[in-house]
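Here is a short report on a predicted model. Keep the sequence and the structure open while reading.

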Number of protein chains: 2
Amino acid sequence: MIEDKNPQRTPLGSLGEFGLINHLTQSFKITQNTTVKGIGDDAAIIKANDGNHIVVTTDLLVEGVHFDLSYMPLKHLGYKAVMVNLSDVYAMNAEATQITVSIAVSNRFPLEALEELYAGIETAAEIYNVDLIGGDTTSSTTGLLISVTAIGTAKPELIVKRDGAKPNDLLVVTGDLGGAYLGLQVLEREKQVYKVNPNSQPDLEQYNYIIERQLKPEARKDIVKLLADLDVKPTAMIDISDGLSSEIIHLCKQSKVGCDIYENKIPLDPQVISTSEEFNMDSTTIALNGGEDYELLMTISQSDFPKIKGNPNLTVIGYIKEYYAGMHLITRAEESIPITAQGWNSISD
Amino acid sequence: MIEDKNPQRTPLGSLGEFGLINHLTQSFKITQNTTVKGIGDDAAIIKANDGNHIVVTTDLLVEGVHFDLSYMPLKHLGYKAVMVNLSDVYAMNAEATQITVSIAVSNRFPLEALEELYAGIETAAEIYNVDLIGGDTTSSTTGLLISVTAIGTAKPELIVKRDGAKPNDLLVVTGDLGGAYLGLQVLEREKQVYKVNPNSQPDLEQYNYIIERQLKPEARKDIVKLLADLDVKPTAMIDISDGLSSEIIHLCKQSKVGCDIYENKIPLDPQVISTSEEFNMDSTTIALNGGEDYELLMTISQSDFPKIKGNPNLTVIGYIKEYYAGMHLITRAEESIPITAQGWNSISD
C-alpha cells in the first residue's frame, strides 16, 4: 500500500555506528534551556530547573507487535513513537523537555528508511518542543524496534499521579475514544484487499479521521496548558493507551476507590459510530477496550466543575465512588455492569 | 553449556503485562533519596539535588548481536546490561542514581528465565546503589532485547566531558585491557567444542579472570570516588566500551588534540598475555581494539601527576599533543604508528 517512492537504497553498513547517528540527527536542534549537553558524549547533561521535579518514562515499540510497516509509513512511526512517550509525561501534568531514541534495525532497512523514521521523530520534537539528547543504534536479527525514553519537568505541587482520586470526584476524559482502534481495523481490511488485488485503489476518505488517530496520534500537551489556564489540578490522571476500562481500573485500584461511568457520556466521533456499525461492532465496547487513543483520563474535584463546564476538550463521563461500591458501567438501558479489563487484543475474540 | 537446572517453565502469557512487571520487580528496593516515585505510574518522579545536573544515557543489547545465551547466563546478562549503562554515567564523573529497564522477549522464554534476568539486574542495582524506577515489557517476534536508560547526578563543576583534553595532559587508563575480548574468544571456542562433543568437560580455570571480564564486567564506580578522594578532576574522560583506540580517537577528535600512547605502558593482565599467545593474537592489538572492558580513559593535567603516581588503579599510557601532531602508538621498537579505529569486529578479519 505504501509505495516506495524513493528508489535509492544506501546500505546501513556504509556508515559506521557513529556516522549513522550523526547523519540521522545532524539537523535536530536543541531548544530547551535545561539541555546542557545533548548527543555526543558518554551521557547527556540536563539542568534541573530550580525546585522542579523530573519525570521519566520509557516505552518499546516492536515491529510485528506494535506496528505493521505495510501500512504504517516510517515517518508516522517515528512521530508516533515520540507521542506514545510524551503522552505519559503529560499524564503527570508535566512539561516534556527531552527524549532519547534507541533503535535496533535489521539490514533489510536502507539508510533512506531510517532517514524517514528520524524525519518523523524530528517533526514531533519540533512541534512538541522537546530535545533529542541521546540514544543508541544497533543491528537486529529481524525487524525494527524503537525504544524511547521521555523526560519532563514540573513543579512538585503540580504533579498529578494515579492515586489521588477521592469519592465524589468527577471522571473526565479528553477528546474522543475508539478512533485509533477502528482506524487499525480499516487499515487491516485494506491490507487484506491489497493482498488479493494489488491494483485496488482504496477510497479511504470517509475514514480519514480514524486512520489519522491510528497513524498520527497527538499527545495532549494542550491539556496540561488548558488545566493550568483553567486553574484546575486533577486529583488523579492517567493516559489512555490501553483502552478506557483498563485505565479506569488502574486509576481506581491505585486510588483505592470505585466508580460509575455512563455509557451515554462516553465521547465518540461520528466516524467511530458509523464505522462501528459497518464492522458490526459495538462502539461502547471499542471505546472501553480499543486503546491507542492517547487521550487523558482524570478525576477532578466537584468544586472545579464550574471551571471545566462546557469546555469542548473535556467530557465528564462519571464519578468516583467508595472502594466497596466497585467499578461499573451504567448502560443506556440503565443497567449496571462491572467494568473489566479486556485490552484491545480481546475485542476481536 | 549452560544447563537448565530449573525444569519449571511458566508461560509468560499466564501473567498480564502489569502482573509480569509487578512480579519481576516486587523485591526491588528504593534507596536513593532523589527517587520520589518509582514503578507504578505513567512516569517515575525524580527530585534533583539542589544545583546538581542530571546525566542520562541509554544502551540497547540485542540477542545474537551483543550476547549469546548459549554461554551467557541470564543473571549475568541482567547484571551486564546495567553495567554497560552505569559505565557511561561514571565516565561523566557522576554518581549513578536510577535506571529504567525495558525488555522485548519472545515466547520461548519462560517466566523463570526473566526471573533470572531480573535477579541479575537487582544484584547490580543493590551493589551499585541505583533504583529501578521504570521500564516496559513487551513481546518480540524473535529473541531477547534489553534497553536500559541510566540516570545520574553530579555537581556541574565536577562533570567531565570528552572535549576538555589539552596538550601535555597525561593519558590515563584504569584497570587493564583486552580481557573481555579474549574471554569471549575462549567462550566461543568452547561453544564449538561443545557442539562437536556435548559431553566434554571444559577446564576453564586458567581463563577465569578473562571469562569474568566478559560475563560479569564491573563499571568503575570506585574510580569516581577515587578521583574525588585524590582531589583530581580529569580534563576529559570516556568509557572504554569499543576498544582503546576507538575511544582515544573520540576523545582526541572532540578535544581537537593529538596524542602519543606507548605500547609498553598499556596495562595487560598476565592471563591476557598468555591467552593471546595461545590464540596466536597480538596482545596490543587486542587491548587497542578488543572492547567491552568498561574501563575509563581520562586525561589529567601534569600538575595532578603527583596525586595519582603509583596508584594501582591508574596507569599513565601516554600524553596529549597538539592536533596537527596526530594520534600515534609508539611501539616497543620505538616506531610511531598512526592510531586507527578498527573496533572488535575487525580483529578476527
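## Nonpolar core

A nonpolar core here is a set of buried Ala, Val, Leu, Ile, Met, Phe, Trp, Tyr and Cys residues joined through C-beta atoms within 7 Å. A residue is buried if 20 or more other C-beta atoms lie within 10 Å of its own.

The largest nonpolar core has 200 residues. Which of them touch the most other members? They are A:Val55, A:Val82 and A:Leu86, together with B:Val55, B:Val82 and B:Leu86.

## Seven-stranded sheet in chain A

Chain A holds an open sheet of seven strands. The strand order is 9-11-8-12-10-13-14, and the pairing is mixed. Strand 9 (236–240) and strand 14 (336–338) of chain A are the edges, each pairing on one side only. On average, neighbouring strands of this sheet are turned by 25° against each other, direction ignored.

Strand 8 (residues 170–174) and strand 11 (residues 295–300) of chain A run antiparallel, joined by four bridges. A:Leu170 stands opposite A:Ile300 of strand 11.

Helix 7 (residues 244–255) of chain A lies across strands 9, 10, 11 and 13 of that chain. The helix runs at about 155° to strand 9.

## A crossover in chain B

Strand 4 (residues 95–105) and strand 5 (residues 131–134) of chain B run parallel, with three bridges between them. B:Thr100 has B:Gly134 as its bridge partner in strand 5. From strand 4, chain B passes through helix 3 (residues 111–128) to strand 5. This β-α-β crossover is right-handed.

How values were computed:
Residues numbered from 1 in each chain as written. Chains lettered and ligands numbered in written order. Predicted model: local features only at pLDDT ≥ 70, side-chain atom pairs only at ≥ 80, totals over all residues. Pairing = 2+ DSSP bridges. Helix = DSSP H or I, 4+ residues; strand = E, 2+ residues; numbered from the N terminus. Axes fitted to C-alpha atoms, helices over the stretch in contact; angles between N-to-C directions. Contact = placed C-beta atoms within 7 Å. Buried ≥ 20, exposed ≤ 12 C-beta atoms within 10 Å, placed from the backbone. Right-handed = clockwise from strand over helix to strand, strands pointing away.
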